Amino acid sequence: MILTMIGCGNGAPDDVPDLVPVSGKVTMDGKPLSDAQVEFEFKGEGGGLSLGKTDSKGNYSLQFGSGTHAGAKVGEHLVRIKTEWSGTDEQGNDVEIEETVPEKYNWNSELTVTVTEEKSSGYDFELTSE
């Protein structure tokens, strides 16, 4: 049993990198942007994607990869913020939500951020619709 504990280290799987908690707020024209997907794409070696969704107050927190690990890798990230979504609702109806965020914040994003171990919150984004 002791050998098993030593071999496991901190209990994290080998494919999960060191992560730090990341949270913040997204506003559009000074108002909270709700139901937006926030993506942090790691620009360093090995890549990686952390995702979050804003609540009704524009607040989000990130989950790495498949969403089972909180946070993002330390380093520089390209940030994309999107509201576009298509899929099926709970009643089985096809749903398509149009993008309300300008392309400069999503598909052609100009947003970057550096995640640090010292800062876990306050990764805020103040977007404009123009």
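**Strand 8 and its partners**

Strand 8 and strand 11 pair in the antiparallel sense over five bridges, where strands are DSSP runs (E, at least two residues) numbered from the N terminus and two strands pair if DSSP finds at least two bridges between them. Within this pairing, His77 has Val113 of strand 11 as its bridge partner. Strand 8 also pairs with strand 3 in the antiparallel sense, over six bridges, and here the bridge partner of Glu39 is Arg80 of strand 8.

This is a predicted model, in which local features need pLDDT of at least 70 and side-chain atom pairs count only at pLDDT 80 or more, while totals for chains, interfaces and linings use all residues. Residues are numbered from 1 along each chain as its sequence is written, and side-chain values use heavy atoms, with hydrogens and water left out.

**The nonpolar core**

Seven of the eight residues of strand 8 are buried, a word that stands for under 20% relative accessible area, with exposed meaning over 50% and partly exposed the range in between (1.4 Å probe, protein chains only). The largest nonpolar core has 21 residues, and those with the most contacts inside it are Phe40, Ile81, Phe125 and Leu127; such a core is a set of buried Ala, Val, Leu, Ile, Met, Phe, Trp, Tyr and Cys residues joined through side-chain atoms within 4.5 Å. Two or more residues of this core come from each of strand 1 (23-28), strand 3 (37-42), strand 8 (75-82), strand 11 and strand 12 (125-127), and strand 11 gives the most, with three residues.

Leaving aside neighbours within four places in sequence, Ile81 is in contact with residues including Val26, Leu33, Phe125 and Leu127, contact meaning heavy atoms within 4.5 Å.

Lys82 belongs to strand 8 and is counted as buried because its relative accessible area is 12%. The side chain of Lys82 makes a polar contact with the side chain of Glu39 at 3.1 Å; a polar contact is a pair of N or O atoms within 3.5 Å, and within protein one must be able to donate a hydrogen and the other to accept it, while residues adjacent in sequence count only if both atoms are side-chain atoms.

Glu99 lies in the loop between strand 10 (94-97) and strand 11 (111-115), and with a relative accessible area of 24% Glu99 is partly exposed. A polar atom of the Glu99 side chain lies 2.8 Å from the backbone nitrogen of Thr83, and the side chain of Glu99 also reaches the backbone nitrogen of Glu84 at 3.3 Å.

Note on methods. Helix = DSSP H or I, 4+ residues; strand = E, 2+ residues; numbered from the N terminus.
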